[in-house]
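The sequence and the model come first, and the discussion follows.

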Amino acid sequence: MVQDKRRVAVAGLGVMGAPMARVLLRAGFPVTVIPHRSRVAAEELAAQGAEIAGSVGEAAADSDVVIALVPALPELTEVAEGVLAAGRPGLTLLNMSTVGPAGVTELGARLSAAGIAVVDAPVSGGPVKAADGTLAIMASGAGADVDGVADVLGALGEKVFRTGALGTGQAAKLCNNMLAATIMAANAEVLTLAAKAGLDPAQVREIVLASSGGSTVLDTWVPRNLLRDTYEPGFALKLMYKDVGLGRDLARQAGAPLPLANLAHELYGFCTQGPGADRDYSYVSTIFQDAADVTVATGEPRRKD
């Protein structure tokens, strides 16, 4: 291990946080992990060289950077309270969660008064890119603060975009997720039509990728999920619903029309009412498949669970 690298604590060891902690360990960073809902991920990381802390405050007291990878603003606020409790000026809270611009800027003001820097750097790319350190990262905050965590961001991401003032990284992430949510619904609609019309949806996907309608969703998520009729996270549908809702809030504040993303939000909201909430966001496709009574993966009538 390279001893001159600063210690990084990771709060949130879910489908993104755990692989990102592994990437940091491989890059030579001393890493402290903080168990939350389960100790399993923390113990697996400890076997690879991480230290386990009993709380955010304990981890922050001995770390230079605390990364937060949590589902929503209440959990991020808990992490921030732990960082404040450590009472260590010069520490950086690196938020890599998606919680909306307002929450991040409010926390930034609170922590900066205590001498703690806040950098907002939400990520995109899913668990696969989290595991190999090739995420897209949207970093925002004071230039010197972002510079101070550039080594950490560089280890975790293939592309690091500096978006400007604190909170603008959140706005950029919401733009991405609203588009991804809308594109997923559009892919589901068209591939359901293809199956119902007697076409092979897998071939239609190849045609579209070679034509003008291609997208990352069609290239990666569709074959992994829709064409296999399996919807395991991935990126949980309830989190996509939350993110698009944050995007709607941002659009209202900015005075921007959002008819397509509004419709997508309604579709995802419908899916959160049943077992789909914890499944991959591609589960939204089942709305279309159920309505047409066809399974995209097989062309057969839709099975009823």
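The model is predicted, so local features need pLDDT of at least 70 and side-chain atom pairs count only at pLDDT 80 or more, whereas totals for chains, interfaces and linings use all residues. Residues are numbered from 1 along each chain as its sequence is written, and side-chain values use heavy atoms, with hydrogens and water left out.

## Aromatic pairs

Rings of Phe, Tyr and Trp (for Trp, the six-membered ring) pair if their centres lie within 6.5 Å, and planes under 30 degrees apart count as stacked, over 60 as edge-to-face and the rest as tilted. By this rule there are 4 aromatic pairs. One of them joins Tyr 231 and Tyr 283 edge-to-face, at 5.7 Å centre to centre with 80° between the planes. Because Tyr 231 lies in the loop between helix H11 (216-224) and helix H12 (237-254), and Tyr 283 in the loop between helix H13 (259-271) and helix H14 (285-292), this pair ties together parts that are 52 residues apart in sequence. Helices here are DSSP runs (H or I, at least four residues), numbered from the N terminus. Tyr 231 is buried at 1% relative accessible area, and Tyr 283 also counts as buried, at 14%; buried means under 20%, exposed over 50% and partly exposed in between, with a 1.4 Å probe and protein chains only.

The rings of Phe 235 and Tyr 281 have centres 6.1 Å apart and planes at 75°, so this pair is edge-to-face. Phe 235 lies in the loop between H11 and H12 and Tyr 281 in the loop between H13 and H14, so the pair ties together parts that are 46 residues apart in sequence. Phe 235 is partly exposed at 22%, while Tyr 281 is buried at 3%.

## Charges over rings

A charge sits over a ring if NZ of Lys or CZ of Arg is within 6 Å of the ring centre and within 35 degrees of the ring normal. The charged end of Arg 224 sits over the ring of Trp 221, 4.6 Å from its centre, and that of Lys 5 sits over the ring of Phe 29, 4.5 Å from its centre.

## Cysteines

The whole structure has 0 disulfides, a disulfide being a pair of cysteine sulfur atoms within 2.5 Å. Cys 175 is partly exposed at 46% relative accessible area, whereas Cys 271 is buried at 6%.

Methods. Helices (H or I, at least four residues) and strands (E, at least two) are DSSP runs, numbered from the N terminus.
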